[in-house]
Amino acid sequence: MILLSNNDRIKNDNSDDKIFYHNPRYVHHLSLSFRNRLTKLYSEYLCNHHIILDLMSSWVSHLPTNIKYKKVIGHGMNQSELSANKRLDSFWMQNLNETQNMPMEDSTVDIGLIVAGWQYLQYPEKVSIELSRILKTDSLLIISFSNRAFWNKSPNIWTNSSELKRIDYVQSILSSNGWRVEKIFNDKTYEKNLFGFYNKESDPFFSVIARNNKSNN
């Protein structure tokens with residue numbers, strides 16, 4: 001079990017996160033091969049009857065385009081980006097480093113998603129506990145990330161860890177707070193070169209899938 005110290009939670013840039021995320025960024029922060037791998041993973045776990053929570057979202061959710069889900073609820077830090085995300089049925093804005101209590105009822109979500117967001121959490125334990133309240137018992141949380149980040153906004157526990165240590169870190173926090181880790185992906189992805197061959201290594205794909213093993217009763 002990982003116990004975070006005050007130093008682990010410190011960021012290089014401690015200014016208000018609202019300032020950093022004030023201007024929208026309509027760019028992809030992950031490579032095409034990573035995004036395709038992520039969408040493929042979602043197609044294997046997400047069903048059309050699911051209510052989905054896309055936590056720490058932006059202007060894209062990387063969901064399969066051929067499936068209409070029962071409901072997709074988004075959360076993020078920039079209203080313009082969230083408004084531009086056509087997959088979201090509703091959304092709210094909240095800085096999870098200031099407050100972790102989310103405006104959602106108990107046991108109302110089937111699947112929780114976090115993409116390239118965990119690396120910015122200063123209190124991941126509290127977030128994981130809150131998610132176990134919101135997600136139904138036995139529901140899944142899928143946390144995916146690569147080796148990219150806005151490093152000045154990532155806490156020391158992330159910036160000072162290797163790629164494998166980051167996987168262990170996510171797994172440890174979840175396991176210590178009512179989740180049962182069921183699957184871990186540590187995959188290489190590749191981009192096509194000019195002639196169509198897959199020979200250029202791209203963003204590594206990491207994903208931790210955990211089941212809500214904590215009773216919400």
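I began with the secondary structure, which comes to 7 helices and 9 strands, and I note here that the model is a predicted one.

For overall dimensions, I found that the C-alpha atoms fill a box of roughly 55 × 40 × 35 Å along the principal axes. I then checked the radius of gyration, which is 17 Å and therefore agrees with the value near 17 Å for a compact globule of 217 residues.

Turning to burial and contacts, I noted that 49% of the 217 residues are buried, and that, of the contacts between residues at least 6 apart in sequence, 70% join residues at least 24 apart.

Next I followed helix 3, residues 32-45, whose 14 residues reach 20 Å from the first C-alpha to the last, close to the 20 Å expected. Its buried residues are Ser-33, Phe-34, Arg-35, Arg-37, Leu-38, Leu-41 and Tyr-42. When I asked what these buried residues pack against, I found strand 4 (109-115), strand 5 (135-145), strand 6 (179-187), strand 7 (190-192) and strand 9 (205-212).

Last, I looked at Asn-177, which is found in the loop between helix 7 (163-175) and strand 6. Is Asn-177 buried or exposed? Its relative accessibility is 14%, and the cut-off for buried is under 20%, so Asn-177 counts as buried. Leaving aside residues up to four places away in sequence, Asn-177 touches Glu-125, Ser-128 and Ile-129.

How values were computed. Residues numbered from 1 in each chain as written. Predicted model: local features only at pLDDT ≥ 70, side-chain atom pairs only at ≥ 80, totals over all residues. Heavy atoms only, no water. Helix = DSSP H or I, 4+ residues; strand = E, 2+ residues; numbered from the N terminus. Expected span 1.5 Å × (residues − 1). Buried < 20%, exposed > 50% of the residue type's maximum accessible area, 1.4 Å probe, protein only. Contact = heavy atoms within 4.5 Å. Rg over C-alpha atoms; globule rule 2.2 N^0.38 Å.
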